[in-house]
Amino acid sequence: MIIRKRLATGLCALLAALSAGLAFPDGAVADETTADAPKVNLVLDVSGSMRTRDIDGGTRMAAAKQAFNEVLDATPEEVRLGIRTLGANYPGDDRRTGCKDTAQLYPVGPLDRTEAKTAVATLTPTGWTPIGPALLKAADDLDGGTGSKRIVLISDGEDTCAPLDPCEVAREIAAKGIGLTIDTLGLVPNAKMRQQLSCIAEATGGTYTSVEHTDELTDRVNQLVDRAADPVVTPVATEGADTCAKAPTLKSGLYTDRQEFGRQRWYRVDVEPGQELRASVSVAADRAVNPSYGVLLRAVTVHGREIVRGEAAENGRTDVISTGLRYPKAESDEEDAPAETVCLQVTNSFSVASGVKTTPGLPLELTVDVVDGPSQAGDVASFGLGRGWWLLAALVFAGFLAGLLWGWLSRWRFAVWRTN
């Protein structure tokens with residue numbers, strides 16, 4: 001009897017070991033997949049000032065909750081998302097305790113949308129604004145893995161826990177070399193908050209955006225979460241020149257530079273016959289600027305003849321302004337036809353009031369992409385209309401026929417009137 005029991009026990013142990021052995025490979029694959037997954041940590045300011053009612057007739061907290069619910073619904077399946085709060089739990093006046101008030105509301109990992117929404121619904125504006133400590137903890141939340149890592153900080157006020165300067169904290173995180181980007185969003189910002197949040201974002205290669213409406217907040221957070229799922233592209237620092245002759249020659253890629261107020265920046269790109277140049281530029285206002293501004297991107301020949309341009313203007317509603325252009329170079333009958341050097345000129349019309357520093361220049365991001373051109377490249381950039389010339393010609397012809405018909409009807413009705 002004892003021997004049978006021992007045999008049965010040994011058999012069960014063997015089966016358990018075999019089952020565990022078969023399960024391990026699947027677990028290893030799952031771990032590898034999780035390690036490569038992009039991670040996003042949403043850091044939300046829940047300090048007492050979030051009670052203020054100045055966003056679409058409701059409180060800032062209500063706007064943030066609505067935006068979070070929509071973002072959670074739209075988060076891609078492959079993104080591992082977490083939510084951290086600052087100033088959500090301690091309502092007292094003790095500064096030392098208030099500056100430790102940061103907690104992980106929802107852990108970074110596979111998203112349970114219902115559970116995350118339930119956690120967000122419990123938030124009530126409460127205490128201090130410990131941005132620096134929250135960023136340190138948020139970086140630890142994202143530790144490990146090889147996928148992209150992004151912190152999205154949403155705040156309506158300055159840090160209240162200096163001397164732990166949030167900008168220095170961001171620089172410390174960037175110095176670790178873990179590839180973590182911090183993007184910041186300011187709710188109804190003032191000048192000091194704008195400066196602080198811009199500094200945090202710039203230290204890690206992120207972006208700063210000011211938002212004053214719920215839909216703007218939702219759209220921007222969605223963009224940043226979606227961006228985390230895209231392949232990581234590291235911008236290359238470059239320095240444009242004040243003339244085309246001295247400009248650096250760029251290949252396809254993403255570049256960053258600094259541009260002084262109201263000044264030009266020049267870059268060169270070589271375009272082979274049959275290729276198309278696609279370029280876009282974004283200029284960010286990282287300090288208080290006057291409300292009306294614009295940016296111009298021109299493609300010109302080395303002799304100064306304009307090929308095509310892109311331009312955009314704003315009246316102060318956004319801190320980033322962008323424009324772009326396309327230039328296809330037609331095929332050549334010559335086998336060894338040389339490449340054409342295209343000069344890209346970037347000009348901005350930002351201005352600042354007295355007392356605002358103008359140095360360093362504004363952050364500039366330039367995207368250059370040289371690809372195989374369309375089959376009929378010659379007409380795409382014709383005076384900026386491309387194949388729109390066909391539509392324009394058709395509209396002119398239709399207008400001419402309509403004019404003739406209307407004239408004939410008018411004369412006929414006039415003749416009938418005179419006869420009667």
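Tutor: Let's start with a term we will need: a residue is buried when its relative accessible area is under 20%, exposed when over 50%, and partly exposed in between. Keep in mind, too, that this is a predicted model.

Student: Thanks! Is Glu276 buried or exposed?

Tutor: The cut-off to compare with is under 20% relative accessible area. Glu276 has a relative accessibility of 0%, so Glu276 counts as buried.

Student: Which residue forms a salt bridge with Glu276?

Tutor: The closest N and O atoms of the pair are 3.0 Å apart. Glu276 lies in strand β12 and the partner in strand β15, so the pair ties together parts that are 50 residues apart in sequence.

Student: How many salt bridges does the structure hold?

Tutor: As background, side chains of opposite charge can pair when their charged atoms come close. Some of these contacts are joined up: Arg298, Glu306, Arg309 and Glu311 are linked in a network of salt bridges. For the structure, the number of salt bridges is 16.

Student: Which strands does the salt bridge between Asp183 and Arg150 tie together?

Tutor: The two side chains meet at 2.3 Å, N to O. Asp183 is buried at 1% relative accessibility, and Arg150 is buried as well, with a relative accessible area of 11%. The residues sit in parts that are 33 residues apart in sequence, so the pair ties together strands β7 and β6.

Student: And how far apart in sequence are the parts that Glu202 and Arg258 tie together?

Tutor: The closest N and O atoms of this salt bridge are 2.0 Å apart. Glu202 is partly exposed, with a relative accessible area of 42%, and Arg258 is partly exposed at 23%. Glu202 belongs to helix α7 and Arg258 to strand β10, so the separation of the parts is 56 residues.

Student: Let's look at pockets. Which element gives the most to the lining of the largest pocket?

Tutor: About 1300 Å³ of space lies in this pocket. Its lining has 42 residues, and those closest to the centre are Gly205, Gly206, Thr207, Pro235 and Glu365. Several elements each supply at least two lining residues, among them β6, β7, α7 and β10. With 5 residues, the one that gives the most is β12.

Student: How many residues in the lining of the second largest pocket are charged?

Tutor: This pocket holds about 510 Å³ of space. Of its 19 lining residues, Gln195, Ser198, Cys199, Asp286 and Arg287 are the closest to the centre, and α7 gives the most to the lining, with 8 residues. The lining divides into 6 nonpolar and 5 polar residues, and the number charged is 8.

Student: Last one: how many residues of β4 are buried?

Tutor: Arg80, Gly82, Arg84 and Leu86 point one way from the strand, and all are buried. Leu81, Ile83 and Thr85 point the other way and are buried too. For strand β4, which spans residues 80-86, the count of buried residues is 7 of 7.

Terms used:
Residues are numbered from 1 along each chain as its sequence is written. This is a predicted model: local features need pLDDT of at least 70, side-chain atom pairs count only at pLDDT 80 or more; totals for chains, interfaces and linings use all residues. Side-chain values use heavy atoms; hydrogens and water are left out. Buried means under 20% relative accessible area, exposed over 50%, partly exposed in between (1.4 Å probe, protein chains only). Helices (H or I, at least four residues) and strands (E, at least two) are DSSP runs, numbered from the N terminus. On a 1 Å grid over the protein atoms alone, a cavity is a set of points where a 1.4 Å probe fits but cannot get out, and a pocket is an open set with protein on both sides within 12 Å along at least five of seven lines; lining residues have an atom within 4 Å of a point. Grid points are joined across faces, edges and corners, and a volume is the space filled by probe spheres set on the points. Ala, Val, Leu, Ile, Met, Phe, Trp, Tyr, Cys and Pro count as nonpolar, Asp, Glu, Lys and Arg as charged, and the others, Gly among them, as polar. A salt bridge is a side-chain nitrogen of Lys or Arg within 4 Å of a carboxyl oxygen of Asp or Glu.
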